[in-house]
Amino acid sequence: MAVLCAVLLTACGGGDDSASAKPDLADQDRFLQDYVQFLNTSDEDGLAGLLDAHPQGSKDARARIKAYGGQDWDVRWTRTSEFAGVWKVDITGTAGTKNRPVRVTETLTWEKEHWVMTPLPGVVPTPPDAAGTEPPG
């Protein structure tokens, strides 16, 4: 399983030429396809590997699988970008025995030559120096 995660992360990572690595939407599609596959199979280890850029990515993976996992999604997505390197991705599809609509909005950023998904609110603590936070005191 660790080898699979390493291969997937390498495939999503933009390669070794870090000086010229730029966001690639085909690469983002592969990242999102892996994300949906891990959710569909409730593969917490695989999803944690995909989200491991965050210190508590495994906790975030558990929360995502609890909320969205194992639903056998038939998924499409649309994306918009208002800022360089940041995309809002609306994932829509059907899930469950009645094929009810499911919609999830994710924020993906291009950081250090790979895609990073924003953690779910309240699952991973916000760093003290994050934008929108006030310094203690």
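Let's start in the middle: Tyr 35, Leu 47, Trp 73 and Ile 91 touch the most other members of the largest nonpolar core, which has 25 residues. A nonpolar core here is a set of buried Ala, Val, Leu, Ile, Met, Phe, Trp, Tyr and Cys residues joined through side-chain atoms within 4.5 Å, and buried means under 20% relative accessible area (1.4 Å probe, protein chains only). Two or more residues each come from helices H2 (25–40), H3 (44–50) and H4 (57–68), and from strands S2 (86–95), S3 (100–111) and S4 (114–117). H2 gives the most, with six residues. Helices (H or I, at least four residues) and strands (E, at least two) are DSSP runs, numbered from the N terminus.

Keep in mind that this is a predicted model, where local features need pLDDT of at least 70, side-chain atom pairs count only at pLDDT 80 or more, and totals for chains, interfaces and linings use all residues. Residues are numbered from 1 along each chain as its sequence is written, and side-chain values use heavy atoms, with hydrogens and water left out.

Now look at H4. Gly 57, Asp 60, Ala 61, Arg 64 and Ile 65 are buried in H4. Why are they on the same side of H4? Because they cover an arc of only 135° around the axis, taken from the directions from the helix axis to the C-beta atoms.

Over in H2 you'll find Asp 27, which counts as buried because its relative accessibility is 3%.

Conventions: Buried < 20%, exposed > 50% of the residue type's maximum accessible area, 1.4 Å probe, protein only.
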